[in-house]
Amino acid sequence: MNPLEIMDSILIKNGIITAFLVVGIIIWFSYFLSEKLTNGKFHGSAIAIIISLILAYFGGYLTGGEKGLADIEIFSGLAILGGAMFRDFAIVATAYGVNTSELRRAGKVGVLSLFIGVILSFAVGAIMASLFGYKDPVDITTIGAGTVTFLVGPVTGTALGASSEIMALSIAAGLVKSILVMVATPLMAPYVGLNNPKSAMIFGGLMGTNSGVAAGLAAVDPKLVPYGAMTATFYTGLGCLLAPSVLFLLIRFVH
Amino acid sequence: MVIYGVALLAFCFISGLFLGELLGRLIGIEANLGGVGIAMLLLIGLSAYLKKKILLPPITEKGITFWSAIYIPIVVAMAAKQNVFSALDAGGVALVSGFLAVFISFLLIPFLTKVGKK
């Protein structure tokens, strides 16, 4: 048996461990680039996230699958390590040592930002859908809901009986949003004052996408993660509540 | 022992998700309403209480802080499994809506931060 084949089967069999190794190498290389090319100004974690997204693009291009790089068999452990279970478990852990008075101080504006965030994203998606020529209120609502997050889209679409193409489109809108938040947050943060717990809570409420917020804040300042995650965690639920009900009625009324 | 910290974290996580799911069902949506946030609040509350009772020695804390530190690697793995290809391959509506929603939301951050100050 050839040693490469043996290695291959070990890497595949121990997917999660392989994922630790792969992520470790990506992060090491990213911090190396951050240090050499930007003098540490552009966060190593931001570079790591961007490299991972690029790798994920090629994973999807090569395999035609839905899980990015994780669709290539030896990298399949990434899907587990980067899945919702570990992500949420680690997010909860970041709350350890959070400043509770900061949480309380920004509580109200955090809730306000949640409502504004859901309604704004929905409105943008709905307006774009009708500009692109969609006429059916169900289609418009589903695309608007997808712009809220890629979970709210299919939940709303299913509730309203949208076609599967429209659902796929709504999921894509949510994906675009989530990926863009990951990439743009470290670039935008200095310009919008995203450097304290309060603005992090507002950011979490406005963007809402769990993965986007999680990765975006990690690349700005990991200390801000629990504040953003705290509001973002209510976003999808609020979207699932508003989109198929009040917001759908509103769209039907406007139409 | 380290496992006590991990177990405490797991307890908060499971309880939070359970309450979030229950909350969602109560108001009739098929989604978890703030489970992770509730879990975070539980962890903050419980750990503060245990610290006061001197029941949270540094070695136990390590079971929690390890997961907090492994957060960024997890996020990097998460980025690598995103469906980037189909996001970029999607139709114009998806790209434009996603882009505008994010851009406008960013512009609102400084505005809302000011609102909160009053």
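Nine of the eleven residues of helix H5 (residues 84-94) of chain A are buried, so H5(A) is largely enclosed by the rest of the structure. A residue counts as buried if 20 or more other C-beta atoms lie within 10 Å of its own, as exposed if 12 or fewer do, and as partly exposed in between, with C-beta atoms placed from the backbone. The buried residues of H5(A) are Phe86(A), Arg87(A), Asp88(A), Phe89(A), Ala90(A), Ile91(A), Val92(A), Ala93(A) and Thr94(A). Helices (H or I, at least four residues) are DSSP runs, numbered from the N terminus.

The model is predicted: local features need pLDDT of at least 70, side-chain atom pairs count only at pLDDT 80 or more, and totals for chains, interfaces and linings use all residues. Residues are numbered from 1 along each chain as its sequence is written, and chains are lettered from A and ligands numbered from 1 in the order in which they are written.

Phe20(A) belongs to helix H2 (residues 15-38) of chain A. Phe20(A) is partly exposed, with 16 other C-beta atoms within 10 Å. Its C-alpha atom is separated by 37 Å from that of Thr142(A), 122 residues apart along the chain.

Chain A is assigned domain 1 (3-82) and domain 2 (100-254). Such bounds come from an automatic or database domain assignment. The C-alpha centres of the two domains of chain A lie 27 Å apart. Six residues from domain 1 of chain A and seven residues from domain 2 of chain A form their contact. Two residues are in contact if their C-beta atoms, placed from the backbone, lie within 7 Å. On the domain 1 side, four residues are nonpolar, two are polar and none is charged. In this classification Ala, Val, Leu, Ile, Met, Phe, Trp, Tyr, Cys and Pro are nonpolar, Asp, Glu, Lys and Arg are charged, and the others, Gly among them, are polar.

Within chain A, the axes of helix H9 (residues 152-160) and H10(A) come within 8 Å and cross at roughly 155 degrees. H9(A) is therefore roughly antiparallel to H10(A). Axes are lines fitted to C-alpha atoms, for helices over the stretch in contact, and angles run from 0 to 180 degrees between N-to-C directions. Angles under 35 degrees count as roughly parallel, over 145 as roughly antiparallel, 65 to 115 as roughly perpendicular and the rest as oblique. H9(A) contributes Gly153(A), Pro154(A) and Gly157(A) to the contact, and H10(A) contributes Ile166(A), Met167(A), Ser170(A), Ile171(A), Ala173(A) and Gly174(A). Five of these residues are nonpolar, four are polar and none is charged.

Chain B is assigned domain 1 (1-70) and domain 2 (83-118). Their C-alpha centres lie 30 Å apart. The axes of helix H1 (residues 2-26) of chain B and helix H2 (residues 35-52) of chain B come within 7 Å and cross at roughly 140 degrees. That angle makes H1(B) oblique to H2(B). Residues in this contact include Leu8(B), Leu9(B) and Cys12(B) of H1(B) and Gly35(B), Val36(B) and Ile38(B) of H2(B). By class, the contact has twelve nonpolar, four polar and one charged residues.

Between the chains, the contact takes 89 residues from chain A and 66 residues from chain B. Helix H10 (residues 164-192) of chain A supplies the largest share of the chain A side, 13 residues. That side has 65 nonpolar, 18 polar and six charged residues.

How values were computed. Helices (H or I, at least four residues) and strands (E, at least two) are DSSP runs, numbered from the N terminus.
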